[in-house]
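Student: I have a fold open on my screen and would like to learn how to read it. Could you take me through it feature by feature?

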Amino acid sequence: MDLDELLEDGKRRVSQVVTPGDVITADAGYMRGHGTFQLGDELIASVAGVVHQVNKLICVRPLRSRYVPEIGDVVVGRITEVGQRRWKVDIHTRLDAVLMLSSVNLPGGQLRRKSASDELLMRHMFVEGEVISAEVQSIFQDGAPSLHTRSLKYGKLTMGSFVSVVPALVKRCKNHFHKLPCGVSVVLGNNGYIWVGVEKDTEGQASDSGAAAMDSSPASASVGRGVREKIARVRNVILALASQGLAIFDTTIIYAYEDSEHRAVKDLADPEVAAEVTARARAACLTGQ
């Protein structure tokens, strides 16, 4: 099917899925982007994925690939190395991301220049293996992303479960921090890494939803059995959505969670059960809700 037949119809745009060798368009007026190559006047796909058009530029985004960071993306990552005035973070990209000491909030929210004493205390902030949420601040010339956690909603994530899905399944939304009706908080990273955890009260007052709610929890803090079961159910619901190839955002998670409550948590790993509990979420994706 030619791309010209899939252009905007009013305000609605239909996506075209292509495989390597498929002709995207024979119109010589379009420019070649990533995932395409020119053969005569024809623009042909070099990877399997979805066709995206920006004005006259056409590219194909692979269905399965490593995450390609963009400035402003919310990501969830794991600290892999503590270096000189910087941390290296695994965010499922070709190169590890860099979190500079100057790009984090000091304990207590102090606003001042970072000194040598702060560098000595870097392991008191983040150590290898810890999971954090952050935002992509810039991209270095070699392609490595630079992160920051200057907002209170970013930072260390504790008392929860880490989930990894295909990055293309995480829907880009204005807000990637959600508190679900069941009381569980989720951080949906654009990089396909998702954190499912509890919301923590600070000094008796409910904290804001997002990473700040799960930050700085003491290692000795305990989570009740009921809360752990809810976290496990949300985690398995997300994996069920991913196994069915459905977009992952707050609406689909809530629908699938509600439809799974009559099932045991462990049963959600069964492909037939996963298809059953995600039926309403699939309908929501098809109708664009």
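This is a predicted model: local features need pLDDT of at least 70, side-chain atom pairs count only at pLDDT 80 or more; totals for chains, interfaces and linings use all residues.

Student: How many helices and strands are in the chain?

Tutor: The chain has 6 helices and 19 strands. These are DSSP runs numbered from the N terminus: helices are H or I with at least four residues, strands are E with at least two. Of the 289 residues, 42% count as buried. Buried means under 20% relative accessible area, exposed means over 50%, and partly exposed is in between, using a 1.4 Å probe and protein chains only. As for contacts (heavy atoms within 4.5 Å), take those in the chain with a separation of 6 or more: residues 24 or more positions apart account for 58% of them.

Student: How do I read a strand, say S17?

Tutor: In general, strands of a sheet pair through backbone hydrogen bonds, either parallel or antiparallel. Two strands are said to pair here if DSSP finds at least two bridges between them. S17 runs antiparallel to S16, joined by 5 bridges, with Val 184 partnering Val 198 in S17. Strand S14 (residues 160-164) also pairs with S17 in the antiparallel sense, over 5 bridges, and there Gly 160 has Gly 197 of S17 as its bridge partner. The hairpin of S16 and S17 has 4 residues between the strands, and Gly 192 takes a positive phi near 90 degrees in it.

Student: Are the faces of S17 covered or uncovered?

Tutor: Both are covered: Tyr 193, Trp 195 and Gly 197 are buried on one side, and Ile 194, Val 196 and Val 198 are buried on the other. With 6 of its 6 residues buried, S17 is therefore largely enclosed by the rest of the structure.

Student: What is the strand order in the open sheet of 3 strands?

Tutor: The order is S2-S5-S4, with antiparallel pairing. Strand S2 (23-25) and strand S4 (36-39) are the edge strands, each pairing on one side only. S2 and strand S5 (residues 42-45) are joined by 2 bridges, and Thr 25 has Leu 43 in S5 as a bridge partner.

Student: Which residues touch the most other members of the largest nonpolar core?

Tutor: A nonpolar core is a set of buried Ala, Val, Leu, Ile, Met, Phe, Trp, Tyr and Cys residues joined through side-chain atoms within 4.5 Å. The largest has 28 residues, and those touching the most other members are Ile 194, Val 196, Val 234, Ile 238, Leu 241, Ile 248 and Ile 253. Elements giving two or more residues to this core are strand S16 (184-188), strand S17 (193-198), helix H3 (225-243), helix H4 (250-260) and helix H5 (271-277). H3 supplies the largest share, 5 residues. Beyond its neighbours within four places in sequence, Ile 253 is in contact with residues including Leu 180, Leu 188 and Val 234. There is also a second, separate core of 19 residues, with Ile 79, Ala 97, Leu 99 and Ile 132 among them.

Student: How many salt bridges does the count come to?

Tutor: Side chains of opposite charge can pair when their charged atoms come close. The rule used is a side-chain nitrogen of Lys or Arg within 4 Å of a carboxyl oxygen of Asp or Glu, and the count comes to 9. One of them joins Lys 156 and Glu 130, at 3.4 Å from N to O. Lys 156 lies in strand S13 (residues 155-157) and Glu 130 in the loop between helix H2 (122-125) and strand S11 (131-139), so this pair ties together parts 26 residues apart in sequence. Lys 156 is buried at 18% relative accessibility, whereas Glu 130 is partly exposed at 21%.

Student: What about Glu 276 and Arg 263?

Tutor: Their side chains meet in a salt bridge at 2.7 Å, N to O. Glu 276 is in helix H5 and Arg 263 in the loop between H4 and H5, 13 residues apart. Separately, Glu 70, Asp 73 and Arg 172 are linked in a network of salt bridges.

Student: How many disulfides does the structure hold?

Tutor: A disulfide is a covalent bond between the sulfur atoms of two cysteines. With the cut-off of a cysteine sulfur pair within 2.5 Å, the structure holds 0. Cys 173 is partly exposed at 30% relative accessibility, and Cys 182 is buried at 16%.

Notes:
Residues are numbered from 1 along each chain as its sequence is written. Side-chain values use heavy atoms; hydrogens and water are left out.
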